[in-house]
Amino acid sequence: MLCAGLLAGAIVGLAPLFADDQEQARYAVTTVLVGLAAIAFAATVVARMRSEETARLIEEFPLHASGLQEEILRRSRVYQRTIEEAEPPLQLAGVDLREAVLPGVDLSRADLTGALLEGANLSAAALGRSRLLGTDLRRADLRGADLREADLRNTDLRGAVIDHARLQNAIYDDSTRWPQTVSNPWKREAIHIEDMPPR
């Protein structure tokens, strides 16, 4: 979609310049197409690297290893998204990151199903659209975290600090356990699974 938009824009922009010279027009369009092909190839390479590195991450570090949090931080910085949907999300289901210090980490769209994050520092973390199904976030520091559209079904947030956390369109259910400071999740614009609009 992005490449198509760039191509259309380039053709529209270049066409008046070469209206009287078909050879130059063909050359200009060919140059644009080659450039877009290079961009698409680069995006594919980045996506493949991200997928391979995620697999190696789990293999190299035991799920309870203290070095895992540093590695997650490092790699989340290395793989800053250029074309978001072209890069696969981190697969971190079941990881043990209790008491981990990960402020500002980018875990957007990450699969953290069943992860142990009790007492973790995730202040200002990017967790938008992440899968936190059954995740233990008791006493976690989530101040200023982005949890928009996150899956919070059966998530344990008891004792968590979620001041200024963004919860718009986060999905929860009756088994989601909230901190005492959140008596009505819908006031924070979270959505109960039964109130989800049909797709």
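The following conversation concerns a predicted model of a protein chain.

Biologist: Which secondary structure elements does the protein chain have, and how many?
Modeller: The protein chain contains three helices and two strands. Starting at the N terminus, their order is α-α-α-β-β.

Biologist: How much of the chain counts as buried?
Modeller: Of its 199 residues, 39% count as buried. The accessible surface of the chain is about 11300 Å², and carbon and sulfur atoms account for 56% of that surface.

Biologist: Which residues have the most contacts inside the largest nonpolar core?
Modeller: They are Leu 107, Leu 112, Leu 122, Leu 137, Leu 142 and Leu 152. The core itself has 35 residues.

Biologist: A change of topic: where is Val 101?
Modeller: Val 101 lies in the loop between helix 3 (67–78) and strand 1 (171–172).

Biologist: Why does Val 101 count as partly exposed?
Modeller: Its relative accessibility is 47%, so Val 101 falls in the partly exposed class, which lies between under 20% for buried and over 50% for exposed.

Biologist: And what separates the C-alpha atoms of Val 101 and Asp 141?
Modeller: The separation is 9.6 Å, with the two residues 40 apart along the chain.

Biologist: Across the chain, what share of contacts between residues at least 6 apart in sequence join residues at least 24 apart?
Modeller: That share is 20%.

Note on methods. Residues are numbered from 1 along each chain as its sequence is written. This is a predicted model: local features need pLDDT of at least 70, side-chain atom pairs count only at pLDDT 80 or more; totals for chains, interfaces and linings use all residues. Side-chain values use heavy atoms; hydrogens and water are left out. A nonpolar core is a set of buried Ala, Val, Leu, Ile, Met, Phe, Trp, Tyr and Cys residues joined through side-chain atoms within 4.5 Å. Buried means under 20% relative accessible area, exposed over 50%, partly exposed in between (1.4 Å probe, protein chains only). Helices (H or I, at least four residues) and strands (E, at least two) are DSSP runs, numbered from the N terminus. Contact means heavy atoms within 4.5 Å. Accessible areas come from the Shrake-Rupley method with a 1.4 Å probe; for residues, only the protein chains shown count as cover.
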